[in-house]
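Please keep the sequence and the structure in view while reading.

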Amino acid sequence: MADGLQTVKNWILERHPERDDIAPDLDLIENRLIDSLSFVEFVFLLEQESGTAIQMETLEVDSIRTLGAIEQHFFKAPAEVQA
Amino acid sequence: MPARPVAPPAGGLGWANLGMDIVSVNRVRRLLTQYGEKFFERMLTPGELADCRTADGLDVLSLCGRIAAKEAAFKTLRVRGRFLPWPDIVVRRSEGGWPLVELRGPAAEMARESGISEITVSISHDVDYAVAVAAPIIAPTPPVSTTPPVSTASPVSTAPPVSTAPPVSSTPIEQ
C-alpha cells in the first residue's frame, strides 16, 4: 500500500476507533466513515497526500467510495492506471 | 417502493421530504483551529462567511448553524451518489434574522429534478450543538394539456407540434 493511501486509511481509523481495519472494498460512505462534513476535510487530506488538486464540485462519489477506488484514482501512477 | 421519491404536484394533498441535521460545535471548532478560515471557504460563500463574522472572528455557533442548514436542505432533495454541493446551497440571514436558502447550479438542478422550487430552513443552537430542519416547497407542475397538437399536412415534417393550450404559468426557481 502506498504511503499516502496508508495515511488516508490511518486518518479514517483515527476518527473511528471502534474499527481495527478497513477492507479495501468497504463502502466508506454507506458505512458512514465519511460524512458531509468530514468529506471536506478528507478532500484536503487527499490533495495533500496525492499532490493533486481536487474539485469538490466534479468529484465522483465512486472515486472515493472505497480505499481500493481511492488508490486507483489518486495513488496509482499513470502507467499503472493505463495497464 | 420507489428508490427516490419525487414530490407530487402542488395544489392537493401530498407530502414533502423533510431534512434535518445536527452539527457538533467541538468538531467545527477543531476544524477552525486546525485549518483556519480557509477550510470553510470550500463550504460557505463569502456572504455566508460574512454573516458568521463578529469582531472577534468567525462565530463557531453561526458556522455550525449554516453547515447544519445546508446539510438539512440537501437532505430534502433525496439524491443518491452525490456529494453535498456546499457552495450551491446558500444560507443567508434575512433582514428579519431568519435564514433564507438560495439554490444555485447543481443544487438548483437537483431540486428541479425532485420537483422542489425552494427550501425553507430553521436553525437552532445551544452550547455544544447546532441543529437545522428544512422543508421543501413543492414546485407547481404545468397543467397537462388535453388539446391535441395541431399537426401539419406533411407526414415527414419534423416541425414541433403546435399546442393551442394556454401558456404554462409556473413559479420561477430561485437561483
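## Strand pairing in chain B

In this predicted model, strands S1 (residues 19-24) and S7 (residues 129-138) of chain B run antiparallel and are joined by 6 bridges. Within that pairing, B:Gly19 of S1(B) stands opposite B:Ala134 in S7(B).

The residues of S1(B) divide between two faces, of which the covered one carries B:Gly19, B:Asp21 and B:Val23, while B:Met20, B:Ile22 and B:Ser24 lie on the uncovered one.

## Extent of the interface

Between them, chain A and chain B bury about 1,600 Å², and 64% of this area is on carbon and sulfur atoms. On the side of chain A, the greatest losses of area to chain B fall on A:Leu37, A:Glu41 and A:Phe44, which together account for 39% of what that side buries.

## Polar and charged contacts

The rule finds 3 salt bridges across the interface of chain A and chain B. A:Glu41, one of the three residues of chain A that lose the most area to chain B, forms a salt bridge with B:Arg30, in which the closest N and O atoms are 3.0 Å apart.

Counting residue pairs in polar contact between chain A and chain B, with both residues at pLDDT 80 or more, gives 5.

How values were computed. Residues numbered from 1 in each chain as written. Chains lettered and ligands numbered in written order. Predicted model: local features only at pLDDT ≥ 70, side-chain atom pairs only at ≥ 80, totals over all residues. Heavy atoms only, no water. Buried < 20%, exposed > 50% of the residue type's maximum accessible area, 1.4 Å probe, protein only. Helix = DSSP H or I, 4+ residues; strand = E, 2+ residues; numbered from the N terminus. Pairing = 2+ DSSP bridges. Buried area = accessible area lost by both parts, 1.4 Å probe. Salt bridge = Lys/Arg side-chain N within 4 Å of Asp/Glu carboxyl O. Polar contact = N/O pair within 3.5 Å; in protein donor to acceptor, adjacent residues only side chain to side chain.
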